[in-house]
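Good morning, and thank you for the time.

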Amino acid sequence: MAAPTEGLVPGVLEPAVVAPPPGEEGRLGRLRVLGGIWLPALLVAAIFFLCFVWPIIGPVPSPTGGSILNSNDPSFTPGHLFGTDATGNDEWSRLLYGGRASLEVALAVTAVGLIVGGTLGAFAGYVGGWRDGVIMRALDVLIAFPALVLAVAIAERLGPGELHAIWALSFFSVPAFGRLARAATLRVREQNFIAAARLSGTGHVRTLLRHVVPNILPELITFALLGMGIIIVLEGALSFLGLGIPPPAPSWGNMIAQGEGILSAQPKFVLLPSAALFITVVSFNLLGESMRARWTAR
Amino acid sequence: MTAPLLELDDLRVDFRQSGHVVRAVDGLSYQADKARTLALIGESGSGKTVSARAIMALLPDTARVTGSIRYEGTELVGLSERRMRALRGNQIAMVFQDPARSLNPTLRIGAQITEAIHIHRQVSKAEAHDRAVELMELVRLPAARERFRQYPHQLSGGMRQRVMIAIALAGDPRLLIADEATTALDVTTQAQIMELLRDLQERLGMALIMISHDLGLAASYADEVLVMYAGRAVERAATQTLFGHVRMPYTRALLGAIPRLENAPHTTLAAVPGQPPDLATQPPGCPFAPRCPEVTDKCRETAPPLAEQEPGHLWACWHPCGLEDSAAEEVAV
Amino acid sequence: MSSTASAPLSASPRRASTGALTRVVRSPLLRFVGRRLLVAIPVLWGVTFLTFVVINHLPGNAAQQLLGVNATPQEVHQLAVKLGVDKPLLSQYGTWLSHLVQGDLGHSLASGQSVTSILGTDLPITFELIAYAFLISLGLAIPIALVAARRPNGIFDRTSMVFSMAGLSIANYILALILVYFFAVKLNWLPALGWVPPNKGLATNIKYLTLPAISVALSLMCFYTRQLRADLVQQLRTEDYVTTARAKGVGEWRVIRHHALRNSAFGLITAVALNLGTLLGVTVIIEQIFGLPGIGHELLSAINSRDLPVVEGAVFVFALIVVLANLLADLLYAALDPRVKYGSTN
């Protein structure tokens, strides 16, 4: 009997499913289920729009290079919705550009994790044997390795920056996806249709691509959505510690770090990026959970 | 004539599922008497289990129960949860199908039995322990004292089922419902358990309702048989009468589907043709019409009522088997 | 997994001669533990080696850090030789490894203090923080989940699910800052920074740990609540033993507390043990914010000063704890699940 931790994903919090019970729907229930997917999806879309599209087409000033003459304007000053920071940069703009940076990192890290980790894990789960063992040990090392050491190292050696933050966090997401993909593959592999495919002469690669991957993909995607929230928080932590995106380029994490010193005097510099982070993470979490409810209640 | 212990009158159970309504039990009426065994026979989906769970109010929240279930005169439908709980395990007990999953794997056997004792009686731990061992011996569980401290997975299927029966008997119930109690067991164990149940019934004078899909079992152990189809009772009679003159084509088909030793080898197994009914979409007329070999237009239009056509034998069919009288031939198409 | 009819209970002749010690040694449990520890060794080795490589690729070295920017190259070199950091990578690693198996973790390049004693001072602080956080999170999560499962989709359930989703989405460092802002700065109920050891007053010690512990505990609590609630509801809805219990006349509360909770505990325990490993990473940033001299804080400053022995020691301990936590999860599972404990070899 497999021990419960073999195949689980240490290091990543997996919020549990809260699916609506079968048969308990009716009008309000249906509304809830629909709201479950569309509302967070809408929120996520809105956040992406605001961070990536709006600064290009809308009247958003540059987040850097502000004049010190404008510094510390209060909120609702004309032209500055949330005022300006200590060096005269528009706070709203910093929020949007900071969000873009954070989201870029999160997307990249998730993509790397999904592709590299997912492939490794699926491969390991499918072939089994010593190759499986080797891959899993390697991933175990990465998981046990304090991401912090790596992040600091990368930041020190190569200088902090967006790309380097992606590097550092990928070391964390690849094994997470890897373990999940492996566990999911192991489960799928036992199913009869895999045996049927193999018996009818389908080669290994084809079986993997046509049969295994489509069946583990929903789980991986759900995990990716939930992971986005976690990675955004982690990127924030890195930037907060000065290891991620360096000022003056904004990221929610370094904005919070900068605001920490003047927390009592002007809490908005911490609260605004915190709220942005919170809303984004909640949206991804809700989306991930409702997708998971959809997939498992099939 | 003694009043029946349990009386069902036009019991209906509906389930609300994603918008539409599924009628699992459609007007079921019967009686169960002390020291008698009633067999409820039917395929899966016939409503037999649902009707039994309705008696004990063990249905999920999506179920809607109408009609009447009277136990010793008390109306059970709509009874408060608190009063129902006082009856469960105490006066009315149930044994389930799958002993592997019906016992809590993390609790010892003894604890699960004594729990049943403690709920309904004020006894000390030692007394409960002794009573539990007594019950285990009553159900012929070998090495009862040692088994007390064991866990369910350490017992075989047959032994677990005995434990379930011991739990059911803990409160000295007057009515025992055995819901497919032997279906998951091998034939030998099945016979042992049925013998045990019969023996216990004789000793304790309980009413026994056995639910099964196995007509053969009913023939051997029941006093009265009730055949269900699509949530309705379609035939009911004392065992001898029923198997002596089967009337409902469905019952006949069920009997015919049992493999027999006397048949020549390679005889095709006579399965009941067609699919079990979809309880969400019930057409008018007899529910068995789509699969009945004797079906006529009348059958499809009007549902035959369950009526006592012969003394002690009720059936619901326009064209019962074995009745070569003019009334049946008249409506041939 | 098939059901097992247990062996005849009368002692067989072979049984009578089997002593307890042999039973333990041959026990599958011990073999299981042994196997897992064996597998863990390459992982630990991998982690420490990787750390060595990474740290040594950082610009600058310990000698440089210690002497500062104004030191001449000769001075730096002299100190480097003295500290042993001028030797090639593999040789340094080899030395460290050989000392490790003797139980010697070396000495700090910065302070000269033995790494073991540094860790010995720091680890308890971090552990106390983690323990406090677990206490808060489990102490709240279990009752909430129980009440929520009593009436699924009732008001309490829905509300607690909404709040737990929100709580999960708050970054712990943000929570820390907000907590400090409200409770330390505005209300002045609890201190914002610092650490007081227990021997100088347990109450004060706990006071200083409270805000940090809450920062860590909130997301844990939300996670455990959701997990336990989902597990309980699933048990109540789908498991046959629940129907049996109800058919016995057992009240719903007892069904949840006594029957379902036992079965749901496994998932919870696994989650807790696994979290033990990840919490160590979390403590780094929390200790930074609250000025707690724990192992996370130590690691961060050691990396900055290129204090290799301390870094290696701390990383090794981190990795060891992760491995042990995973093992603990499996052991607890085996110890508590009677199906595993009293399996076919009893």
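I begin with conventions and then turn to chains B, C and A.

This is a predicted model, in which local features need pLDDT of at least 70 and side-chain atom pairs count only at pLDDT 80 or more, while totals for chains, interfaces and linings use all residues. Residues are numbered from 1 along each chain as its sequence is written, and chains are lettered from A and ligands numbered from 1 in the order in which they are written.

Let us start with chain B. Its domain assignment gives domain 1 (6-91 + 173-259 + 270-332) and domain 2 (98-172); such bounds come from an automatic or database assignment. Taken over C-alpha atoms, the centres of these two domains of chain B are 30 Å apart. Eleven residues from domain 1 and 16 residues from domain 2 of chain B take part in the contact, where contact requires C-beta atoms, placed from the backbone, within 7 Å. On the domain 1 side, helix 8 (residues 187-204) of chain B gives the most, with four residues. Helices here are DSSP runs (H or I, at least four residues), numbered from the N terminus. That side of domain 1 of chain B divides into seven nonpolar, four polar and no charged residues. In this classification, Ala, Val, Leu, Ile, Met, Phe, Trp, Tyr, Cys and Pro are nonpolar, Asp, Glu, Lys and Arg are charged, and the others, Gly among them, are polar.

Next, the interface with chain C. The contact takes 30 residues from chain B and 22 residues from chain C. Helix 4 of chain B supplies the largest share of the chain B side, four residues. By class, the chain B side has 13 nonpolar, eleven polar and six charged residues.

What of the core? The largest nonpolar core has 263 residues, of which Ala166(B) and Ile209(B) touch the most other members. A nonpolar core is a set of buried Ala, Val, Leu, Ile, Met, Phe, Trp, Tyr and Cys residues joined through C-beta atoms within 7 Å; buried means 20 or more other C-beta atoms within 10 Å of the residue's own, with C-beta atoms placed from the backbone. Both domains of chain B give residues to this core, so it lies between them.

Finally, helix 7 of chain A bends by about 45° at Val213(A), and Pro214(A) follows within four residues. The bend is the angle between axes fitted to the seven residues ending there and the seven starting there. Just after this helix, Gly242(A) takes a positive phi of about 85°.

Conventions: Contact = placed C-beta atoms within 7 Å. Helix = DSSP H or I, 4+ residues; strand = E, 2+ residues; numbered from the N terminus. Buried ≥ 20, exposed ≤ 12 C-beta atoms within 10 Å, placed from the backbone.
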